[in-house]
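Hello,

I am handing over a structure that I would like you to look through. Please open it first, and then read the notes that follow below it.

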Amino acid sequence: MIEYLLLVPLIAAALCYPLRSRRLIEAAGVAGSAATLAVASLLSYRVFTSGTMDEGLLYMDAFSAYILMLVSLVGLMAVIYSIPYIGRENREGVITDIKLRNYYLFFQLFVFTMLLVCVSNNLGVMWIAIEGTTLASAYLVGLYDRETSVEAAWKYLVICSVGITLALLGIIIVYASSIQVLGESSSALDWSTLMATAGSLDPTLLKIAFIFVLIGYGTKVGLAPMHTWLPDAHSQAPTPVSALLSGVLLNCAMYGILRFHMIVSGSSLGPGFSGGLLLLFGIISLGIAAAYIVMSKDYKRMLAYSSIEHMGIIAIGFGFGGYWGVFGALFHMLNHALTKTLMFFGAGNILHRLGTKDIGEVRGVLKVLPATGILFLGGALAITGCPPFSLFLSEFMVVVGGISSGDVLGVTLYLLLLAIVFAAFLYHAGRMVFGEPAGTAGGEGERSRVDIVLMSALLISILALGLYLPAFLNDVLQQIVRLFLGGSA
């Protein structure tokens, strides 16, 4: 069953290549992403209700199924948003017909690599998949062939490749520890096997390995100070790709770190060592993001730094540990994926209508794009953690986790930095949304109903999740919490 899931985006990518009609290419892309979501939903439901699926190299537990659903859902929304967005750029000559075809082809390959990250049991295969996400998405980052976008793509490739090399060293060290227990077995790098034997692994080697993995995969997550590629790539990529990068790619890389965190926590070291490092890098990321959001002049870069902030929050939640820290961090993964997708869709509408990413030149979005302005403002309130949106709930859960852990300094820094981000982000968003439009910006209004429907659905979802947590979602999150705290799914 898991193999079928991986085949769907590959088939969709293969179908895009020979097609020459824009409509057919778009149909192949949407059909591929819709089928991916359908198969992912079936597999995930089976895992959530019946338990783990272990097929050797491929493996799904509640945690992998959860991230898998995020990738599939955001992937479908991004490809639907691509139809009016990329279609318009094709009609206006910004991208050629060949570029449009390659966009949908690499989009599906990008989704495939993220799905492979989620279902890989072998840590070596997971490493290959995470490197594959870089290779597949680099083309999309540099799609426009402008000097700035090509530079961003190369920066992304170089920095993330260096990071992934460090992660490979960590995997090799884990293997050196595991063969002392398991021998030179083909399963010596399988996560399920390593979890079963974690208590027998060399703690010193595990410490060294986790440091390499945290820095290596942390580069892909965008944890500071390894974050330098992220603002350039997110700001230069086409908006639907920015939504994928921010909404789910960062979660996939965090997933890689957390798999190692679970191994280290299950060893004689306990969760203190790896949790302490996650907390440290989370606080640093939150601090760096807060400083740059205050100084932001480009709204897509501001959203990129917001992603660094929220990855820091997730790392802090797992660093605090305990039931509420882990539950809040997991819930925040979902909330951030939905909200940041909404924000990038709004940013894409503003960019197409006003033709600038400069915050200082954007005024009166409510008058120029009324629906986009309302939804973008709602997203801004949500992304900064205002009640009653779901991000407020998950951020509050992380605070409760910190208080429960007794880390007064960590909680204080966390709340202080969140307050800075809250004030700075809403100040910039307010300047964009309100006021009088500059020059001749008034007029046309919204160009596509598809964008507005997607953004409305996202805003309603995060509002609903802030008011009511469905019983099924609560059960899923509790299953994953038990995996982190040493129980079974």
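**Aromatic rings and other findings**

Y103 counts as buried, since its relative accessibility is 0%, where buried means under 20% relative accessible area, exposed means over 50%, and partly exposed lies in between (1.4 Å probe, protein chains only). Please keep in mind that this is a predicted model, in which local features need pLDDT of at least 70 and side-chain atom pairs count only at pLDDT 80 or more, while totals for chains, interfaces and linings use all residues. Residues are numbered from 1 along each chain as its sequence is written, and side-chain values use heavy atoms, with hydrogens and water left out.

Rings of Phe, Tyr and Trp (its six-membered ring) pair if their centres lie within 6.5 Å, and planes under 30 degrees apart count as stacked, over 60 as edge-to-face and the rest as tilted. By this rule there are 18 aromatic pairs. One of them is formed by Y81 and F345, whose ring centres are 4.1 Å apart and whose planes lie at 5°, so the pair is stacked. This pair links distant parts of the chain, because Y81 is in helix 3 (residues 62-91) and F345 is in helix 13 (residues 322-354), 264 residues apart, where helices are DSSP runs (H or I, at least four residues) numbered from the N terminus. Y81 is buried, at a relative accessible area of 0%, and F345 is buried as well, at 0%.

The rings of Y103 and Y104 have their planes at 90° and their centres 5.1 Å apart, so this pair is edge-to-face. Y104 is buried, with a relative accessible area of 1%. One aromatic cluster is formed by F63, Y255, F318 and F484.

Charges also sit over rings, which is counted if NZ of Lys or CZ of Arg is within 6 Å of the ring centre and within 35 degrees of the ring normal. R146 lies over the face of Y144, 4.5 Å from the ring centre, and K207 lies over the face of F273, at 5.5 Å from the ring centre.

As for helix 17 (residues 408-433), its 26 residues should span 38 Å at 1.5 Å a residue, and the end C-alpha atoms are 37 Å apart, which agrees; the expected span is 1.5 Å times one less than the number of residues. Helix 17 is followed by G435, which has a positive phi, near 95°.

Lastly, L10 is found in helix 1 (residues 2-16) and is partly exposed, with a relative accessible area of 31%.

Best wishes

Terms used
Helix = DSSP H or I, 4+ residues; strand = E, 2+ residues; numbered from the N terminus.
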